[in-house]
Amino acid sequence: MEPIVEVTHLGKNFRRGLEEIHVLSNLSLQVPQGEFLALMGPSGSGKTTLLNLIAGLDSPTQGSIRVGKELISAMGESRLAKWRTRHVGFVFQFYHLLPVLTAYENVELPLLLLPLTYSERKKQVLTALDLVGLSDRLSHRPGQLSGGQQQRVGIARAIVTDPTLIVADEPTGDLDSKSAEEILELLVILKGALNKTILMVTHDPRAANRAERCLHLEKGQLVNETYQNFNVHTQAVSH
Amino acid sequence: MEGIAERIDSFLVPLVVTPGDAIRFTLVEWLGFFVLFTGFAFAGWAWFYFRFILRNLLRNWLRTSLTAMATMVLVLVVTLVWTILLFLSNATSEKAKDLKAIITEKWQIPSQMPFSYEADLSEGAPSKNGDFRVDTTKDSMTWQFYGGTVDPAKRTRENIVFFFCMDPNKLMTVNDPTIDSLMASIPIPATYPYRKEETGEMVEIKSLNLTDAQKKDLEKVKNAVQKGQITSMMDGLDEMAPEELVAMRKAILLTLGDKRKVVVGRERLLALNKRIGETFKLTSLNYKDIDLEFEVAGVFPDGRYNQSAVMHRDYLNDAMDDYNRRNPGKRHPLSDKSLNLVWIRVPDTASFQKVEGQIAISPKFQSPAVKCETASSGVASFLDAYRDLLWGLRWILVPFILLTMSLIISVAISISVRERRKEMAILKVLGFAPGQILIVVLGEAVIVGILSGFLGSFSTYYLINEVIGGVKFPIAFFPAFMIPFEALWWGPTIGAITALSGSIFPSYNACRIKVSEVFARIS
């Protein structure tokens, strides 16, 4: 199957004062369409940096990233912003909803950047909120919702533009186990029902267990990959 | 374009007659803009931006209101300063048409000329055929000044009256006899807005109870001013209501019939504790031993002449003649110095230059010599003494205030941006381009600037014009400065410009936020 994400010899360095920090080095990766992929690893291993690079939030120091047919590693900031609107949906650990907007308006936010009429926007927002089971919380502000509900709004906002990729950075990290389970279930349903490609960073093995494949990073390199249930297939992937 | 502008003017100007009309008109105008804006905004994403920006502003309403209040106060100061500067600028700008020229003694301040100069100077000193001749019935007037106190034993600011001695007809000249008889037929007393009872008591007129025909006549009076059938050498005639014009004309006729009768401004009358119809005697302060008795025949309409008083010039001149007759061989010291100014009005610059030349070469005005200058250059010469003060107002105070406004807005927006770095990052993640984030931040600043600027200028306009009655800035001989109608635009404009300039730096910072750094910090 043609990969939807293709990362080739990726490297990312940060500078802290005079020191150059190599966060990712010579990393290659392919993600097929419709896969639910988990990225695991210790803190500082580069998982979030990799996620940010694939989502077009940052630019690599070396290597290339192709998503679909587009070489996003070569895009400028404004073009990347437009690309993100159409192709990437984000789910954050701390939900990151705008506190002054209602659930409806938070979900509507990315659609404002697309050439849609009011009724088209409304239809898409209501569908997304219905999918996450929050049709009855349209006019609630984030402060009036529980953590699990806020994360559902975050997921609705991520899927409302029908993106190519959904990237989730520790989506269950701030939730109790029951809510975390519900969110993971929701992601699995979305992947199954909408055939979305999901990239999820997590520290939680139970969350990773819901993914089809799990990549382990250490010191900026992929050290192994495991398929569902962790013991199906294990191999060294870098170098 | 000029034709279109004139047509718009002819439509709009009649709608704005009083300050109250102006305020109502402005409110309607802004309501119109609001409806238009929301009309457009409902159709698209602009409405979302607008609401989003407003909610961000209301999130910390205390900071937003403090910023707005600071802007309003500064707009108030700028409006006051600009009002004075604009007034002075207009007063010193040369007109191309209907120039007012001032003739004074050439080498001395205060100007004191013999009254014998009056006849020739009023005509513009024509000496031969082809010379320009001023129409003395309506285009010239003489000024003499007579000051006195009602209590010579204890002189105070309140008991002093300073009279302009002139031909009362020059207060208001009715050039068409039919209009004059029309005005006489309208039953409005010279004492308007008061009526004198049989007992001598003055009662405020609540309603004029005019017939429809009389109301129409009042309209004709109003139109007569616009048509030039009623003119005046004094400023402010066009500001008078038709009822006030009729009352003023009747008061003038009374002063023409009895030289003791005078027209006095409201505030001066109040300070003297006198009412219309009452008499008072002045002990002169400048014309020694010429003490005169007066009767109040009328009162100036509320406004720029509140502190003024006008008497018939013949009353003073006759009193001088009488003094000289009673004291043979000992003429009054001011006998040949009683004419202070002559005003003439000429149609254009060429006529002015001609008159100026006629006066300059005339042998009749050699001792003392006189000069003729336009009113604007006369004012400019007078204001020369205040040059440094005005320069400071214009180039130090106003820029400093504008800079302060920018800084206040800049600090408020910077704090707001710092508090919302995460939200800016989220917007970026969702696909908002740097330019769109820039618009959100600039929009917040500009909305605060425009709204508080408008409130600032509107409240300044209302407070100064309606409540205080003008800025009493004691410079030269100008009356209280009234805030011009166009000042209602100054506030929103300077609010928007200072907000824009003050928010450029914080909004640039907002749009340069690095998403990965912000989220790394949160994690």
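In chain B, the axes of helix H6 (residues 177–185) and helix H7 (residues 212–227) come within 10 Å and cross at roughly 140 degrees. Please keep in mind that this is a predicted model. Angles over 145 degrees would count as roughly antiparallel and 65 to 115 as roughly perpendicular, so H6(B) and H7(B) are oblique to each other. Their crossing is left-handed.

Which residues make the contact of H6(B) and H7(B)? From H6(B) come B:Ile179, B:Leu182, B:Met183 and B:Ser185, while H7(B) brings B:Asp217, B:Lys220, B:Val221 and B:Ala224. Sorted by class, this contact has five nonpolar, one polar and two charged residues.

Let us turn to the place where the two chains touch. Here 18 residues of chain B are in contact with 18 residues of chain A. On the chain B side, the elements that give two or more residues are helices H3 (45–59), H14 (421–429) and H17 (515–522) of chain B. That side of chain B has 10 nonpolar, three polar and five charged residues.

The table sets out both contacts by class.

| H6(B) with H7(B) | five nonpolar residues | one polar residue | two charged residues |

Finally, a look at the partner chain. Chain A has seven helices and 11 strands, and of its 239 residues, 48% count as buried. Among the contacts in chain A with a separation of 6 or more, 67% are between residues 24 or more positions apart.

Notes:
Residues numbered from 1 in each chain as written. Chains lettered and ligands numbered in written order. Predicted model: local features only at pLDDT ≥ 70, side-chain atom pairs only at ≥ 80, totals over all residues. Contact = placed C-beta atoms within 7 Å. Helix = DSSP H or I, 4+ residues; strand = E, 2+ residues; numbered from the N terminus. Nonpolar A, V, L, I, M, F, W, Y, C, P; charged D, E, K, R; others polar. Buried ≥ 20, exposed ≤ 12 C-beta atoms within 10 Å, placed from the backbone. Axes fitted to C-alpha atoms, helices over the stretch in contact; angles between N-to-C directions. Parallel < 35°, antiparallel > 145°, perpendicular 65-115°, else oblique. Left-handed = near helix turned anticlockwise from the far one by under 90°.
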